[in-house]
Amino acid sequence: MTVAAASAPELSGTQAAILAAYAELIEEVGTDDVSFRLIALRAGVGERTVFRHYPTRVDLLLATSSWIERTIFTRQESESIFDVPIAIREAIEAYDRRPELAHVVAETAMRGVNGSEPAPQRAHFEEMLKREAPSLDEQQQREIVAALSHLDSSATWVTMRREFGMSGRDIADAATWAAEAILDPIRDLGDRGA
């Protein structure tokens with residue numbers, strides 16, 4: 001099961017068509033120049049139907065951002081906390097393949113307005129960490145989960161790309177290296193209790 005699929009809200013076929021059409025148009029022309037009329041044409045619905053489901057541009061953008069994260073940037077759950085660096089690399093590579101969509105997800109998530117969890121992997125990271133490194137105290141677990149959650153985000157991809165001019169490959173290398181550096185000191189903690 002993918003992480004996103006587990007928390008996906010139910011959408012009607014019409015809603016999904018509207019959000020998919022808007023995502024396509026974002027990749028083609030960006031977010032600013034897309035009218036509701038154009039979205040309706042692309043989705044094969046009437047313009048009023050778009051307004052009925054998403055009364056404002058903000059409503060539409062937030063719903064689309066959440067849909068993109070759930071359907072385009074999905075991933076398999078890691079089975080071990082020590083597999084997270086691999087998942088982070090895959091996520092960064094996915095963001096790099098679809099940069100316009102990654103920007104939309106990152107910017108709405110950073111503003112805390114897209115309705116999605118700011119750290120969607122958090123609960124899963126906490127669960128794996130408690131199971132695999134049970135001797136860590138609460139503070140240590142919180143620090144590791146916070147750091148991994150930050151690395152595992154489109155916001156990290158945007159920041160490294162915009163602020164540091166890094167390529168997708170360099171971002172993936174840096175984020176994976178950082179995740180490994182966070183996890184290396186605790187690799188043998190799980191064995192101590194066995």
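This is a predicted model: local features need pLDDT of at least 70, side-chain atom pairs count only at pLDDT 80 or more; totals for chains, interfaces and linings use all residues.
**Helix 6 and helix 10.** I take axes as lines fitted to C-alpha atoms, for helices over the stretch in contact, with angles from 0 to 180 degrees between N-to-C directions. Helices here are DSSP runs (H or I, at least four residues), numbered from the N terminus. The crossing is right-handed, meaning that the near helix is turned clockwise from the far one by less than a right angle. I then listed the contact (heavy atoms within 4.5 Å). Helix 6 brings I92, Y95 and D96, and helix 10 brings S154, W157 and R161. By class I noted three nonpolar, one polar and two charged residues. Ala, Val, Leu, Ile, Met, Phe, Trp, Tyr, Cys and Pro count as nonpolar, Asp, Glu, Lys and Arg as charged, and the others, Gly among them, as polar.

**Ground rules.** Residues are numbered from 1 along each chain as its sequence is written. Local features need pLDDT of at least 70, side-chain atom pairs count only at pLDDT 80 or more, totals for chains, interfaces and linings use all residues, and side-chain values use heavy atoms, without hydrogens and water.

**Helix 10 itself.** Which residues of helix 10 are buried? I found S154, A155, T156, W157, V158 and M160. Buried means under 20% relative accessible area, exposed over 50%, partly exposed in between (1.4 Å probe, protein chains only). These residues pack against helix 6, helix 7, helix 9 and helix 11. After the helix comes G165, with a positive phi near 65°.

**Helix 7.** I checked its length. Its twelve residues should span 16 Å at 1.5 Å a residue, and the end C-alpha atoms are 16 Å apart, so the two agree. The expected span is 1.5 Å times one less than the number of residues. Its buried residues include H103 and T108. Helix 2, helix 5, helix 6 and helix 10 are among what covers the buried residues.

**Helix 6 and helix 11.** These pack at about 160°, with axes 9 Å apart. They are therefore roughly antiparallel (over 145 degrees; under 35 is roughly parallel, 65 to 115 roughly perpendicular, the rest oblique). This crossing is right-handed. The residues of their contact divide into eight nonpolar, two polar and five charged.

**A175.** I ended in helix 11, where A175 sits. Is A175 buried or exposed? A175 has 0% relative accessibility, so it counts as buried. Leaving aside neighbours within four places in sequence, A175 touches I88, I92 and L151. Its C-alpha atom is 7.7 Å from that of P85, 90 residues apart along the chain.

Terms used:
Helices (H or I, at least four residues) and strands (E, at least two) are DSSP runs, numbered from the N terminus.
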